[in-house]
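Please read it alongside the sequence and the structure.

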Amino acid sequence: MHDFFLLRRQRHQKKMMKYMRYVLNDHFVLVCLFLVGGLAFYYSNLLKALPSDFPWSLPIVGGVWWLILPFGKLATLVEPADMTFLLPKEKEMGGYLSRGLRYSLGFPLVIELLICGALLPLVVLAKQVSFINFFFYLLMLWGLKIGNLRIQRLACYQKTNEQTQRLFILWFITSGAVIFISLYGAAWIGTILATAAVFGFFAVTKENDRLLDWSKMIDQENARLHRIYQFINLFTDVPEIEAKVRRRKYLDGLLSRISFKHENTYLYLFARGALRGAEFGGLFFRLLIVGGVLLFSLNDFRFIVGVSLLFIYLIGFQMIPLYSQFDYISATQLYPVSNKLKRASLQQLMAILLFAAAIIFTLCSLVQLSIVESLVLLVLLLIEIGLFAWFYLPTRIKKMED
C-alpha cells in the first residue's frame, strides 16, 4: 500500500501542477506581490505606531493562531471505485491513511509558518522575547495540527461519529489553552504541552479493528477536492466543476434595454452570458468585491489609484474569453454575424461593465479620499477603460482569431 499511495500522490500532484500553471500566471502573481507589499507596508507602520504596552497584542495573536488551526483537511486521495477494488486490502489501509496524514501536514505547516512569522512582531512587542521562540511556537502549532489530523483519521472508520465529535471539541479547547499558556508563559512550555497532547490524542484514537466507512471517507475526499477545484476554477476551466447557469430574473431589466437588432445579436449573447453564467459573472462580482474591500482599507491616494487601475485591468482581462463563448452553438452558425459586429459588441459590453466597476471603486474611495481626489481617480479609470476597450482588446481578439 506504500507504493500505491505514492502512485496516487504522484498522480494528484501532477494534476495540481498542471492547474497551477494557470493559477500562478503573471497577473495573479502581480496582484499578490502588490497586495503583500501594500499590507507589509501598512503592517510595518502599524507596529511602529503601537505602544510597547499595547494590551491586545497577545490576545490577537492567540486568537488568530487558534482560528487557523482547523485549516487543512486529511488528504486520503481515495476514489469511488476504491469501495469495491480496495475492500480486500482494508486491513492494510491503516498504513495508507497514516501516509495520507503525513502528506496532509504540508499545507498546514506552510500556513502556520506564514501566520506565525507575520504575528511574531506583536509577540516581541508585548514580551520582548528572542527570535528563537518562533521555532517553539511553530512546533507547538504543528503538533496541535497533528492531533487534529489524527482525529480526522479516526473519523474515516465506522461507528466513530459521537467519539470524534467529542474529541474535536476537546482538541479545540486544549489547543486554545496550550496556545495562550505558551503566549503568557514560556514558549517552550507550549511546545511540551502540545507534544503531550499529540501523544494523548494518538492514544485515544486507536481504531481497535474497526471497519472503514468507505462512503463517508470518499465523500469527505470529494468535498476536499471540490474546494480546491472551486479556487482553481477562478482562473481556468476545471472539468471537475460543472458550470451552472442561473436564471437571475431580477437582471432582466438590464437585458431588456438591448434592442432586438441584427447588429446587437452578440451584444445580447455576451450580456446574457456575463449575467447568467457562473464563470464570468462570478469572476466579475468576486473581483469587484475584493477590489472594493481593499479600497475601503487603504488611505493613501497612490495605493488607491494603483489598486483601482489594477483591478479594472484584471476584470477586463478575465472577461476576454467571453468572445469565444458562443462559437460552438448552432444558433451562431445558422445565423452568422460578421466578426466586426462581434468585436464591437464585446467592446461595448466591456466598456459598460468596466465603467460600472469604475463608479463603484470611486464610491468606495470616497471613504478615504476627498471629492477632488475621487474625481481624479474616476478620470484615470475612464482613460484606462478607453485604452483597454479600444486599443488592447482588439489586439487580444486578433490573436484569438489567428
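Buried means under 20% relative accessible area, exposed means over 50%, and partly exposed lies in between (1.4 Å probe, protein chains only). By that definition Ile383 is partly exposed, because its relative accessible area is 48%. The model is predicted: local features need pLDDT of at least 70, side-chain atom pairs count only at pLDDT 80 or more, and totals for chains, interfaces and linings use all residues. Residues are numbered from 1 along each chain as its sequence is written, and side-chain values use heavy atoms, with hydrogens and water left out.

**Overall make-up**
- The protein has 17 helices and zero strands, as DSSP runs numbered from the N terminus (helices H or I, at least four residues; strands E, at least two).
- Its C-alpha atoms fill a box of roughly 75 × 60 × 35 Å along the principal axes.
- Of the 402 residues, 43% are buried.

- Ile383 lies in helix α17, residues 371–401.
- A nonpolar surface patch is formed by Val372, Val376, Val379, Leu380, Ile383, Leu387, Trp390 and Phe391, with about 790 Å² of accessible area together.
- Patches are made of residues with over 30% relative accessible area and no salt bridge; like charges are joined within 9 Å, nonpolar side chains (Val, Leu, Ile, Met, Phe, Trp, Tyr) within 5 Å.
- A salt bridge is a side-chain nitrogen of Lys or Arg within 4 Å of a carboxyl oxygen of Asp or Glu.
- Accessible areas come from the Shrake-Rupley method with a 1.4 Å probe; for residues, only the protein chains shown count as cover.

**Helix α9**
- Thr191 is placed in helix α9, residues 187–204.
- Thr191 counts as buried because its relative accessibility is 13%.
- Beyond its neighbours within four places in sequence, Thr191 is in contact (heavy atoms within 4.5 Å) with Phe136, Leu139 and Met140.
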